[in-house]
Amino acid sequence: MTDKAGTTAGGTTGPARAANAARTAVVWEALQELLSHLGDGPLEIVDAGGGTGGAAVPLAELGHRVTVVEPSPDSLAALERRAAESGVVVRGVQGETRDLGTLFDKSSADLVLVHNVLEYVDDPAAALQDVVGITRSGGAVSVLATNAVAGALHRVLAGQVAEAQHLLEDPDGRWGDNDPMPRRFTRGRLQQLLTDSGLAPTSVRGVRVFADVLPGQAWEGDAQTGQNLVDLERAVAQHPEMVGIATQLHVVATRD
Ligand SMILES: C[S@@+](CC[C@H](N)C(=O)[O-])C[C@H]1O[C@@H](n2cnc3c(N)ncnc32)[C@H](O)[C@@H]1O
């Protein structure tokens, strides 16, 4: 897993790939730490809105039993191909967060992932209630969500100052009607949502603190920059101030 996280960011691959490698590295480090706390045996893991299996397949490669609950049939088909190529089995089920309670026994999952999904659900608080319902006592929830503060920063960097102000005042953290992102979260709001749902956040990491603000010309002719960026992202992910400007917030929370 470390290799997947850390070696894909060569400078020749460009900023988008390195930004993705930075994201992967920070989130995987957190998940590895979490998995070691949750126990030795194969864990029951549910990836809610797991998409094409970017997280689910590597978790299955570690020997865990992973189920992806995902509304998109196309994503489920891609997941199946990805799992087959990796030689692992990942169960894919068509459904939404609201279906979790009927798809799984109560308190049955050791770990539930909710990565880049709370932005899209109708009601994030209700979705988290559904997640908590299938998480066992002592189990954990991993939430990755888009940071509103970074959204405002990026609008200013794009020269859209009024949109940045709109975003910060909007309850859903959107910069306007044409904003493709349905919702963004401040760190405080995300932690409050988790606490209100009965979870206890144990760590908050900033994901892509610098990756999305590095000027494009920084990559030109510098094969080392991508790896340097991944190293930097790892180093600052839990920096108490830097977390606040990261593009995404990764919170690990446990259930009593
Ligand atoms: C940005 S993608 C994230 C995919 C994956 N979790 C990842 O981090 O790469 C958002 C995913 O949420 C799914 N989704 C949207 N609404 C959902 C809902 N109500 N319940 C569960 N998944 C949902 C989408 O189909 C999509 O696969």
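The structure is a predicted model, in which local features need pLDDT of at least 70 and side-chain atom pairs count only at pLDDT 80 or more, while totals for chains, interfaces and linings use all residues. Residues are numbered from 1 along each chain as its sequence is written, and side-chain values use heavy atoms, with hydrogens and water left out.

Over residues 46-141, the chain is 36% helix and 28% strand, and the end C-alpha atoms lie 10 Å apart. Helices (H or I, at least four residues) and strands (E, at least two) are DSSP runs, numbered from the N terminus.

Helix α4 spans residues 73-86. Its 14 residues reach 20 Å from the first C-alpha to the last, close to the 20 Å expected at 1.5 Å a residue, where the expected span is 1.5 Å times one less than the number of residues. Within α4, Ser75, Leu76, Ala78, Leu79 and Ala83 are buried. These residues lie on the same side of α4 because they cover an arc of only 160° around the axis, the arc being that of the directions from the helix axis to the C-beta atoms. Asp74, Glu80, Arg81, Ala84 and Glu85, on the other side of α4, are exposed. Here, buried means under 20% relative accessible area and exposed over 50%, with partly exposed in between (1.4 Å probe, protein chains only). The buried residues of α4 pack against α3 (56-61), β2 (65-70) and β3 (91-94), with contact meaning heavy atoms within 4.5 Å. Just after α4, Gly87 takes a positive phi of about 70°.

Strand β2 is itself mostly covered, with five of its six residues buried. Five bridges join β2 to strand β1 (residues 44-48), and the two run parallel; strands pair if DSSP finds at least two bridges between them. In this pairing, Glu44 stands opposite Arg65 of β2.

Arg184 counts as buried because its relative accessibility is 10%. The side chain of Arg184 reaches the backbone oxygen of Gly173 at 2.8 Å, and a polar contact of 2.6 Å joins it to the side chain of Asp179. A polar contact is a pair of N or O atoms within 3.5 Å; within protein, one must be able to donate a hydrogen and the other to accept it, and residues adjacent in sequence count only if both atoms are side-chain atoms. Leaving aside neighbours within four places in sequence, the residues in contact with Arg184 include Thr146, Leu167, Trp175 and Arg189.
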